[in-house]
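Visitor: I'm new to looking at protein models. Could you walk me through how to read one, feature by feature?

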Amino acid sequence: MKGKMTQRQMVLAAAGGGFLLIAVAAGYFGWSSLGEVQSQAQALAERKLKPELAAILTKPGGAGAARKEAVEIGKIAEEVSQAEEGLVGSWREGYEKGSGVGQGWSQDPNQWKDRLIATNDRLKKQSGKKGDNSRVILADDFYLGLQEYKQQNPSADKVPELALQLSVAEKLVELLMDAKKSAKEKYPTQCIVQSIVSPGLSAADPDKKSSDKAKAGTSPTGILREGYTLQFESSPEVLYGFIQRVAKDPWLFVVMNLSLENDLKEFPKRSEIAKKFADANKPADGAATENSTDGARGSANPPTRPPLLMVLAGKERMKVVVRIDFVGWKTPVAGKAPEKRKT
């Protein structure tokens, strides 16, 4: 017959049971922690297999150094963005001003036509007449490359495009006038503008017949590019000053093609130069008689001597045909990130 457990035995049994429960719990949580550590180790090993993460984890400082570099890269990107904006800011302003954004003359056909007439009349008044070597001369039929609308108004859908063409043509003529006014010509030469061919009418380049109008539309990059062909005659000094002003203008102009033809295609012949010297050395008949009569007592007016130097160059008049592209740098739409483009 079994006896009853004493109080001491009951205490020992309870302590043993509690110890067993503690051991089981510790084992359970220990295995769980070990499994979590193993999972982390396995994830770390998988990350190390990736080159971009392996480079971060193996370098001194690890993720902290990578985070610091990311902050520095962000600052550099911001500085580059500000520098880019400083460069293209004037280009955007030029496009908006030339397009007449928000103004009636860039939307209404009648207002645009009034502006065309006023601009053409103003340039005519600032130009010189034939034979004037001090100012730019505009051809009689010159109409800023927009002769098509001399007797008619454009349709409303064409006005925004024509507004920019009018502004660019006006700008190019003003740059040429400024170059003529500032040029230091030793031999003043007539500067005559024959024509400006606008993008919609240009057919000088067969490969560009259909592309110019396409460029006038909205491009995926937000950049517009149109070509203008300007034909004029001037001295080399005026041409040089004009190209300089086009390149430095706040609006974005790009000289694409330049064709030159010189009036003096051939160097003067030796016989022609010798004849000029001989004619200069030959005294007039009256001077010869007077000199022979007064030969004994001398003459106050000795015979004209031949020139010591003749200018064989410097009086050239260059015939110029230049293709200039206007690049419109549009302002990005608010809330829309600009698309990536190749530089």
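Visitor: Let's start with Ser235: is this residue buried or exposed?

Guide: Keep in mind that this is a predicted model. A residue counts as buried when its relative accessible area is under 20%. Ser235 comes out at 1%, so it is buried.

Visitor: Where is Ser235 found?

Guide: Look in the loop between strand S3 (223–234) and helix H7 (236–248).

Visitor: And which residues is Ser235 in contact with, leaving aside neighbours within four places in sequence?

Guide: With those neighbours set aside, you'll find Glu185, Thr189, Glu316 and Met318 in contact with Ser235.

Visitor: What does the side chain of Ser198 reach?

Guide: The backbone oxygen of Gly145, at 3.3 Å.

Visitor: Okay, helices next. How many residues does H4 have, and how far does it reach?

Guide: To read a helix's reach, go from its first C-alpha to its last. H4 covers residues 109–126, which makes 18 residues, and it spans 26 Å, close to the 26 Å expected at 1.5 Å a residue.

Visitor: Which residues of H4 are buried?

Guide: Pro109, Trp112, Lys113, Leu116, Thr119, Asn120 and Leu123. Now look down the axis of H4: these buried residues fall within an arc of 130 degrees, so they line one face of the helix. On the other side of H4, Asp114 and Lys125 are exposed.

Visitor: What do the buried residues of H4 pack against?

Guide: They pack against strand S1 (136–138) and helix H5 (159–182).

Visitor: How do the axes of H4 and H5 cross?

Guide: Check how far apart the axes come and at what angle they cross. Here they come within 11 Å and cross at roughly 10 degrees. Angles under 35 degrees count as roughly parallel, so that is how H4 and H5 run relative to each other. On the H4 side, the contact includes Trp112, Arg115 and Leu116, while H5 brings residues including Leu162, Leu166 and Met177.

Visitor: Last one: which residue caps the N-terminal end of H4?

Guide: Asp108 does, with a side-chain oxygen 3.2 Å from the backbone nitrogen of Asn110.

How values were computed:
Residues are numbered from 1 along each chain as its sequence is written. This is a predicted model: local features need pLDDT of at least 70, side-chain atom pairs count only at pLDDT 80 or more; totals for chains, interfaces and linings use all residues. Side-chain values use heavy atoms; hydrogens and water are left out. Helices (H or I, at least four residues) and strands (E, at least two) are DSSP runs, numbered from the N terminus. The expected span of a helix is 1.5 Å times one less than its number of residues. Buried means under 20% relative accessible area, exposed over 50%, partly exposed in between (1.4 Å probe, protein chains only). The arc is that of the directions from the helix axis to the C-beta atoms. Contact means heavy atoms within 4.5 Å. A polar contact is a pair of N or O atoms within 3.5 Å; within protein, one must be able to donate a hydrogen and the other to accept it, and residues adjacent in sequence count only if both atoms are side-chain atoms. Axes are lines fitted to C-alpha atoms, for helices over the stretch in contact, and angles run from 0 to 180 degrees between N-to-C directions. Angles under 35 degrees count as roughly parallel, over 145 as roughly antiparallel, 65 to 115 as roughly perpendicular and the rest as oblique.
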